[in-house]
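I opened the notebook to record what I looked up.

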Amino acid sequence: MTAKNAVVLVSGGLDSTTVLAIAKHEGYRVNALSFRYGQRHAVELEAARRVVAAMGVERHVIADIDLRAFGGSALTDAIDVPKHDSASDLGGGIPVTYVPARNTVFLSFALAWAETLGAQDLFIGVNAMDYSGYPDCRPEYIAAFETLANLATKAGVEGTSRFTIHAPLMTLDKAGIVQRGLELGVDYGLTHSCYDPAPDGTSCGACDSCLLRLRGFAEAGLADPIAYAKR
């Protein structure tokens, strides 16, 4: 049987790397998509390239979008990235690391590519358990975008494709994500999650993303293989 094409969003982080491994495990021919979107640090793109190469993905597109034109986020603007002593200190609101409508922008690009490929399956590494409260990581958002995908495309309207947005990590906590990835042979030493890395790429160990990642490895009974400035 010929493998089905899928577009997989790959940021170079723990979650998207795990999703990439899941898509490959499920037999899809992966077309990896990353973004140079005006983020303050290029380290994550270097990680994405490492991950894609290690997993033997033949096609990896890095699309350029400059969200710095809008700002409004600590990841695209001159706003300090919040730091904390532990994951238990994380607040319940939407933090300033939220990039306005980012997943909608990313999924729209993924949908456009999928339609040109004749692919019906899009994979994204969002989850609604151990995350920073972003509104575009919730199951109702994914369901709404899937509806949009089938209303807003030629393939969907003509009935030649029925698009599915796969979010296989949605109900997993970080420990569960780590365990699933290790079952699939993921090398998390290749990944990068930090919102505010040092110039040499070392993760800060104190931003939301680092703390959630570290807690996930700790709860899985494992040591995180990457380096941190603060642990």
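Entry 1, aromatic pairs. I count two rings of Phe, Tyr or Trp as a pair if their centres lie within 6.5 Å, and I call the pair edge-to-face if the planes are over 60 degrees apart. The model I am reading is predicted. I searched the whole structure and got 7 aromatic pairs.

I looked at tyrosine 28 with phenylalanine 123 and noted 5.1 Å centre to centre and 70° between the planes, an edge-to-face pair. Where do tyrosine 28 and phenylalanine 123 lie? I found tyrosine 28 in the loop between α1 (14-25) and β2 (29-36), and phenylalanine 123 in strand β4 (residues 121-123), so the pair ties together parts that are 95 residues apart in sequence.

Next I took phenylalanine 35 and phenylalanine 109. Phenylalanine 35 is in strand β2 and phenylalanine 109 in helix α3 (residues 102-117), so parts 74 residues apart in sequence are tied together here. I looked up accessibility for each ring. Phenylalanine 35 has 5% relative accessibility and so counts as buried, while phenylalanine 109 has 37% and is partly exposed. I also noted that Phe35 and Phe109 belong to one aromatic cluster with Tyr37 and Phe106.

In soluble globular proteins, nonpolar side chains tend to be buried together. I found that the largest nonpolar core here has 42 residues, and that Leu107 and Ile142 have the most contacts inside it. The elements giving this core two or more residues are β1 (5-9), β2, α3, α4 (139-151) and α7 (208-219). Which element gives the most? I found that α3 does, with 6 residues.

I listed what leucine 107 is in contact with, leaving out neighbours within four places in sequence: Leu9, Leu122, Ile124, Tyr141, Ile142, Phe145 and Ile165. There is also a second, separate core of 26 residues, and I noted Val8, Ala23, Tyr28 and Leu169 among its members.

I looked up arginine 102, which lies in helix α3. Arginine 102 is buried yet has no salt bridge. How far away is the nearest side chain of opposite charge? That side chain is glutamate 44, at 5.7 Å, and a salt bridge needs the nitrogen and carboxyl oxygen within 4 Å. Not counting residues up to four places away in sequence, arginine 102 touches Tyr37, Leu75, Tyr134 and Asp136.

Notes
Residues numbered from 1 in each chain as written. Predicted model: local features only at pLDDT ≥ 70, side-chain atom pairs only at ≥ 80, totals over all residues. Heavy atoms only, no water. Phe/Tyr/Trp six-rings, centres within 6.5 Å; stacked < 30°, edge-to-face > 60°. Helix = DSSP H or I, 4+ residues; strand = E, 2+ residues; numbered from the N terminus. Buried < 20%, exposed > 50% of the residue type's maximum accessible area, 1.4 Å probe, protein only. Core = buried A, V, L, I, M, F, W, Y, C linked by side-chain atoms within 4.5 Å. Contact = heavy atoms within 4.5 Å. Lys, Arg positive; Asp, Glu negative; His and termini not counted.
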